Amino acid sequence: MCGIAGIYHLETPKPVDPARIEAMCDAIAHRGPDGQGVWTAPGVGLGHRRLSIIDLAGSPQPMASPDGRAMLVFNGEIYNYRELRQELKGAGVVFRTDGDSEVILAAWQRWGPDCVSRLNGMFAFAIYDLEARSLFLARDRLGVKPLYYAALSDGSLAFGSELKALLAHPLLRREIDPLAIEDYLTWGYVPDSRAILKGVHKLAAGHSLLLRHGSPLPRPSQWWDVSFADRRKGKAADLEAELVHLMQQAVSSRMVADVPLGAFLSGGVDSSSVVALMAEASGRPVRTCSIGFDVAGLDESAYASQIARLFATDHASRKVSPDDFSAIDQLAGMFDEPFADASALPTWRVCQLARESVTVALSGDGADEALAGYRRHVFQSGEDRVRALVPQALRGPVFGTLGALYPKADWAPRPLRAKSTLLSLAGDSAQGYARSMAFAPPEVRDGLYSDEFCRLRGDYRAEDPVLELMRGAPARSGLDQAQYADLKAWLPGDILTKVDRTSMAVSLEAREPLLDYRLIEFAASLPESMRVRGGQGKWLMKKAMRRYLPDDILYRPKQGFVTPIAQWFRGPLAETAREIAGGAALARTGWFDTRRLSGLVDSHVAGTADNSRLLWQLLMLDKAFTGLGMG
């Protein structure tokens with residue numbers, strides 16, 4: 001696990017100052033404290049910060065191919081590198097190191113851009129071909145590892161693992177993209193289709209970019225996609241056995257490391273499943289860690305301890321106090337862009353705890369997206385059955401009118417939030433799911449914006465790209481479409497961004513075995529009834545894991561990492577919330593209705609409404625503005 005950065009001149013191959021590459025790498029030094037390297041040639045410069053995981057003494061980067069023709073910088077891990085190594089050896093390749101970096105180089109030289117389809121792993125890498133004078137950038141299938149890039153005024157393209165690396169370049173233009181604000185207020189993150197700064201791009205998951213001197217910047221090419229269009233046939237028992245086999249393979253392949261390795265353990269289905277399979281594959285106790293809150297309704301640590309005892313793990317646990325809000329500035333600084341998933345705070349804390357004893361930690365991320373584990377997936381499946389019974393011509397007028405009249409009840413459980421359900425049913429499947437995903441639906445956002453911002457936003461609405469994504473998905477049902485959107489937008493934009501930044505902030509490598517692409521492709525082919533049944537998501541996975549885990553773990557209500565932000569904004573953060581509507585950087589943009597912001601704060605502090613999610617979202621946007629020098 002590492003950080004990479006570089007500069008490539010698209011037109012004239014101007015010299016690249018090594019000090020500039022070094023400065024870009026220094027900005028992401030937390031991603032790789034164990035080593036650094038810079039390489040330059042006419043028109044190109046590559047930089048690397050290393051966190052040593054495999055082949056600790058060898059594999060320095062930037063790494064040259066044996067013939068000196070290609071140069072690599074690489075962030076991530078290739079889990080099938082040993083198998084590829086043997087295949088390439090059979091073709092006559094001689095290796096000098098024992099790591100996976102040299103395998104990527106050899107694969108590039110043998111298969112060119114098609115090499116990415118041979119790689120099973122998490123990665124973002126750059127390869128410069130000195131003979132062709134081309135630069136190849138690639139990102140893994142699901143977007144576990146990030147890659148930012150931007151065209152600069154001197155004709156060069158700068159890239160890096162985080163926006164921090166680009167911000168270290170003096171020619172990067174720091175102008176906020178108002179459409180990114182619309183995206184952020186809708187979803188709680190800036191999706192991979194956009195960045196907070198104009199002119200900055202993120203290479204999308206499963207995409208690559210091939211640059212050549214003398215040619216304009218091309219559009220990225222998609223090299224991988226997941227399809228929900230086909231349905232796998234077979235008995236439930238056979239599909240269950242295949243799922244377990246794929247999970248076992250995914251976990252064991254991610255246990256290869258030359259440094260201490262462990263796992264995050266929340267006590268939920270996914271992390272418990274990973275720990276169970278690690279214990280099965282390991283000859284020694286698995287190291288596990290968990291974080292809990294000293295607020296009873298938010299704490300899951302008892303479940304984590306139950307699993308730790310069941311599998312005799314070497315378990316570490318720590319409680320986080322509700323006054324942990326003191327770390328907000330540091331947390332916001334990890335992301336560069338605004339990021340409103342409040343579970344980032346406990347995720348960071350569990351990464352800190354893990355780093356005290358391990359350098360690599362396996363997580364349970366990915367199963368919810370792949371196997372329909374979120375409550376919203378269950379609701380989506382149920383709402384689609386209602387939509388099938390009521391014609392669209394009636395749904396809009398009837399459910400839309402009822403939804404508009406029904407009182408808002410954010411405090412209630414989702415099934416009792418009739419307003420949300422009615423408004424969801426008023427649209428088609430894609431519209432309903434987009435509404436269920438939104439932090440702030442259109443009517444809430446429109447009430448926050450000033451006239452000036454509405455002019456800048458124009459006709460754009462953040463839901464539009466998601467609706468296009470869902471309606472064009474290789475899918476058979478509304479649930480298929482929803483999961484496709486989750487894998488393409490929510491997963492890389494929120495979940496994987498959260499884990500990457502919080503783990504890398506403490507120089508910890510996080511690996512997600514349940515995002516093995518073979519497992520993802522298998523899950524996408526399952527009949528809908530194998531994903532959602534009897535009001536339960538992840539039906540087949542829970543059934544399969546009954547051989548390992550007790551029912552009170554498998555079938556308890558889903559909780560997830562929760563942060564007590566509602567209490568914070570009625571207590572120690574009340575004054576901070578008031579500043580959002582007053583002298584904060586966000587208010588000074590002129591893009592928001594300050595009276596509306598003040599009303600949100602006042603009603604929340606008074607206890608007449610729960611606006612905590614929206615206030616947190618606005619606070620993190622304000623912190624991002626300040627961090628980017630806009631305050």
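At what angle do helix α5 and helix α28 pack, and how far apart are their axes? The two helices, α5 (residues 178-187) and α28 (residues 612-627), pack at about 145 degrees with their axes 10 Å apart. This is a predicted model, so local features need pLDDT of at least 70 and side-chain atom pairs count only at pLDDT 80 or more, while totals for chains, interfaces and linings use all residues. Residues are numbered from 1 along each chain as its sequence is written, and side-chain values use heavy atoms, with hydrogens and water left out.

**View 1. Helix α5 meets helix α28.** Axes here are lines fitted to C-alpha atoms, for helices over the stretch in contact, and angles run from 0 to 180 degrees between N-to-C directions. Helices (H or I, at least four residues) and strands (E, at least two) are DSSP runs, numbered from the N terminus. On the α5 side, Ile181, Tyr184, Leu185 and Thr186 do the meeting. Their partners in α28 include Trp616, Leu618 and Phe625. Contact means heavy atoms within 4.5 Å.

**View 2. Five strands form an open sheet with parallel pairing.** Read across, the order is β15-β14-β13-β16-β17. β15 (314-320) and β17 (509-511) stand at the edges with a single partner strand each, so one side of each has no neighbour in the sheet. Neighbouring strands are turned by 30 degrees against each other on average, direction ignored. Strands count as paired if DSSP finds at least two bridges between them; β16 (residues 360-362) and β17 have three. In that pair, Val360 stands opposite Glu509. Helix α8 (residues 301-310) packs on this sheet, touching β14 (287-293) and β15, and its direction makes about 175 degrees with that of β15.

**View 3. Six strands form an open sheet with antiparallel pairing.** This time the order is β4-β5-β6-β7-β11-β12. β4 (63-64) and β12 (221-222) are the edge strands, each with a single partner, so one side of each is left without a neighbour in the sheet. Strand β11 (residues 207-212) pairs with β12 over two bridges, and Ser208 stands opposite Ser221.

**View 4. Strands β2 and β3 make a hairpin.** Seven bridges join β2 (residues 35-41) to β3 (residues 44-50), which run antiparallel. Ala41 stands opposite Val44. Two residues sit between the strands, and Gly43 takes a positive phi near 85 degrees.

**View 5. Ring pairs link an aromatic cluster.** Its members are Trp108, Phe123, Phe125, Phe136 and Trp223. Rings of Phe, Tyr and Trp (its six-membered ring) pair if their centres lie within 6.5 Å; planes under 30 degrees apart are stacked, over 60 edge-to-face, and the rest tilted. A search of the whole structure finds 15 such pairs. Phe123 and Phe125 have ring centres 5.5 Å apart and planes at 35 degrees, so this pair is tilted. Phe123 is buried, at 0% relative accessibility, and Phe125 is buried at 0% too (buried is under 20% relative accessible area, exposed over 50%, partly exposed in between, with a 1.4 Å probe and protein chains only).

**View 6. Phe453 and Trp591 form a tilted pair.** Their centres lie 5.5 Å apart, with 55 degrees between the planes. The pair links distant parts of the chain, 138 residues apart: Phe453 is in helix α17 (residues 451-457), while Trp591 is in the loop between α26 (585-588) and α27 (594-606). Both are buried.
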